[in-house]
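Hello,

Here is the structure I promised to pass on to you. Have a look at it first, and then read my notes below.

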Amino acid sequence: MKGDVTVAWPRVLGQEHIQDILQRTLIQGRLAHSYLLIGPPGLGQEEIINQLGSALSCHQEVLEPCGHCVGCLAFAGGHPDFHQIAPIGASIKIDQIRELANSLALHPYIGPHRLCVVYDADTLTMEAGNSFLKLLEEPGAGIIFILLTANPAGLLPTITSRCQSLLLQPVPLKYIEEELISQGIPQEQAQIAAAL
């Protein structure tokens, strides 16, 4: 891809455009306060979140975490400034958002950034969605939200409008074939496996 940033983040197949956007904004110090990653599970969302979280946690480097500083060690072991919200049962409830809001009202424990990931954001109840909207409207310094959804239509439009939307792409078959071949799978078997 022309104009890619040259960094040490491992490539997430098919999602290089998202990695490129996040890397450029990190270098420029212009991260948005909220991102909406749109796509079905399994397209590399977790890897992208971990790459961003590692980069934000490191006290030494902007894009290439050192692995040794307090921030890196904390992120590897369960960073107290890394918050995750997922549905309990079929939905994300208002109590979960209130608990998040209480946590975010406190000062960060280790560094200047806090990362909040909301899985299956389209499952926010109406009450939880309205409460979460208040967090997005007044995010506080250094707080970055990442919302994940396969169904952006299920989110309140006011939430969507406050996020930078990033569309995850299906991984092209040729990438899957090339990756399988590089791992020693014969080409014919790699083609069949990729198609499946």
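Which residues line the largest cavity? Before I answer, two words on the basis. This is a predicted model, in which local features need pLDDT of at least 70 and side-chain atom pairs count only at pLDDT 80 or more, while totals for chains, interfaces and linings use all residues. Residues are numbered from 1 along each chain as its sequence is written, and side-chain values use heavy atoms, with hydrogens and water left out.

The cavities

The lining consists of Gly53, Leu56, Ser57, Phe75, His79, Asp81, Phe82, Gly111, Pro112, His113, Arg114 and Leu115. A cavity here is a set of points on a 1 Å grid over the protein atoms alone where a 1.4 Å probe fits but cannot get out, and lining residues have an atom within 4 Å of a point. The space in this largest cavity is about 100 Å³, where a volume is the space filled by probe spheres set on the points, and grid points are joined across faces, edges and corners.

Helix α2 (45-57) and strand β3 (114-118) each give at least two residues to that lining, and α2 has the largest share, with three. Helices (H or I, at least four residues) and strands (E, at least two) are DSSP runs, numbered from the N terminus. Sorted by class, the lining has five nonpolar, five polar and two charged residues. In this sorting, Ala, Val, Leu, Ile, Met, Phe, Trp, Tyr, Cys and Pro are nonpolar, Asp, Glu, Lys and Arg are charged, and the others, Gly among them, are polar.

The whole structure has two cavities of 30 Å³ or more.

Around α2

Helix α1 (residues 16-28) packs with α2 at an angle of about 10 degrees, their axes 11 Å apart. Axes are lines fitted to C-alpha atoms, for helices over the stretch in contact, and angles run from 0 to 180 degrees between N-to-C directions. So α1 is roughly parallel to α2, a term for angles under 35 degrees. Ile18, Gln19, Leu22 and Leu26 of α1 meet Ile48, Gln51, Leu52, Ala55 and Leu56 of α2, contact meaning heavy atoms within 4.5 Å. Seven of these residues are nonpolar, two polar and none charged.

On α3 (residues 70-77), the axis comes within 8 Å of that of α2, and the two cross at roughly 145 degrees. Here Asn50, Gly53, Ser54 and Ser57 of α2 touch Gly71, Cys72 and Phe75 of α3. This contact has two nonpolar, five polar and no charged residues.

The sheet

Five strands form an open sheet in the order β2-β3-β4-β1-β5, with parallel pairing; strands pair if DSSP finds at least two bridges between them. Because β2 (82-85) and β5 (164-167) are at the edges with a single partner strand each, one side of each has no neighbour in the sheet. Four bridges join β2 to β3, and Phe82 has Leu115 in β3 as its bridge partner.

Best wishes

Technical notes. On a 1 Å grid over the protein atoms alone, a cavity is a set of points where a 1.4 Å probe fits but cannot get out, and a pocket is an open set with protein on both sides within 12 Å along at least five of seven lines; lining residues have an atom within 4 Å of a point. Angles under 35 degrees count as roughly parallel, over 145 as roughly antiparallel, 65 to 115 as roughly perpendicular and the rest as oblique.
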